[in-house]
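Colleague: I would like a close look at the aromatic rings in this model. Please take me through them in one go.

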Amino acid sequence: MTARFYYPGAMLPGQIITLPINTGHHATRVLRLKQGDKVILFNGEGGEFSGSIHHLAKSANTVILSQFHAIERESPLSINLTQAVCSNEKMDWIIQKSVELGVSCIQPVTANRSVVRLSEERANKRLLHWHQVIIAACEQCGRNRIPKLHPLLTLSDWFNQQFESKLNSIENQSIYKLMLSPIANKRLSKFLLPSMDTPLLLLVGPEGGFTIEEEKAAHMMGFESICLGQRTLRTETAALAAIATMQTLWGDY
């Protein structure tokens, strides 16, 4: 398989570009690429460039671009995941796999029962790390557009943001708002998506689940509670199972 790399800049056929330091290190030290080896680069704006390793050096590794390919591998669904923050490994897993499954954007939130509590400084560091997880997932799965990662918010602040958005946007009324709950009775298979253009907003709680007050607040915001069978899933399983089910019912599976 041809190695794929994200390059955060404009590109043109015939151009020689210098890979970012971390990308160049991964190409040469991990993948062991040599001069002349084929590569694919994308910048997140759609499509990708084929090219080859042009020059290898300790100071800089360059790629010469040959051709642009207008290839898109995005899901036909617009799935927006709002995930309560959990432990580092679990959160990384959720973000990585949800990107592979086709989510459009990710909103991390802190709920009342969240085990992980991040200071502003730590939250900013985690956001930078999560962004790199998203990029690596896109490189692996073939996506040419980078899902948006929103800043960390408390669940109550996010609800307020959603309420203000609803007041200022008619389009918000057509969003499918779904919240995973182990005590819900309605299942995803019972929903009929009005159209492929209908955005899907999926809300997933922390390890201990949402409190009754949080679920009530979500219902007031227009969320419907859904379950995933009769078994209680861990938070790192629930989000991915729900996204995969959405892709099966309405998407490109």
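Are Trp 158 and Phe 159 buried or exposed?

Modeller: Bear in mind that the model is predicted. Trp 158 and Phe 159 are both buried. Ring pairs join Trp 158 and Phe 159 with Phe 223 in a cluster.

The structure has five aromatic pairs. One of them is Tyr 6 with Phe 42, a tilted pair with 5.7 Å centre to centre and 55° between the planes. This pair links distant parts of the chain. Tyr 6 sits in strand β1 (residues 3–6) and Phe 42 in strand β3 (residues 38–42), 36 residues apart. Tyr 6 is buried, as is Phe 42. Back to Trp 158 and Phe 159: their ring centres are 5.7 Å apart and their planes meet at 40°, so this pair is tilted.

Two rings carry a lysine over the face. Lys 186 lies over Phe 191, at 4.3 Å from the ring centre. Lys 97 lies over the face of Trp 93, at 4.9 Å from the ring centre.

Helix α2 covers residues 88–101. Its 14 residues reach 20 Å from first C-alpha to last, close to the 20 Å expected. An α-helix has 3.6 residues a turn, so residues three or four places apart point the same way. Buried residues in α2 include Met 91, Ile 94, Ile 95, Ser 98 and Val 99. Their cover includes β6 (79–84), β7 (105–110), α3 (120–141) and α6 (235–250). Just after α2, Gly 102 has a positive phi of about 110°.

Definitions and conventions:
Residues are numbered from 1 along each chain as its sequence is written. This is a predicted model: local features need pLDDT of at least 70, side-chain atom pairs count only at pLDDT 80 or more; totals for chains, interfaces and linings use all residues. Side-chain values use heavy atoms; hydrogens and water are left out. Rings of Phe, Tyr and Trp (its six-membered ring) pair if their centres lie within 6.5 Å; planes under 30 degrees apart count as stacked, over 60 as edge-to-face and the rest as tilted. Helices (H or I, at least four residues) and strands (E, at least two) are DSSP runs, numbered from the N terminus. Buried means under 20% relative accessible area, exposed over 50%, partly exposed in between (1.4 Å probe, protein chains only). A charge sits over a ring if NZ of Lys or CZ of Arg is within 6 Å of the ring centre and within 35 degrees of the ring normal. The expected span of a helix is 1.5 Å times one less than its number of residues. Contact means heavy atoms within 4.5 Å.
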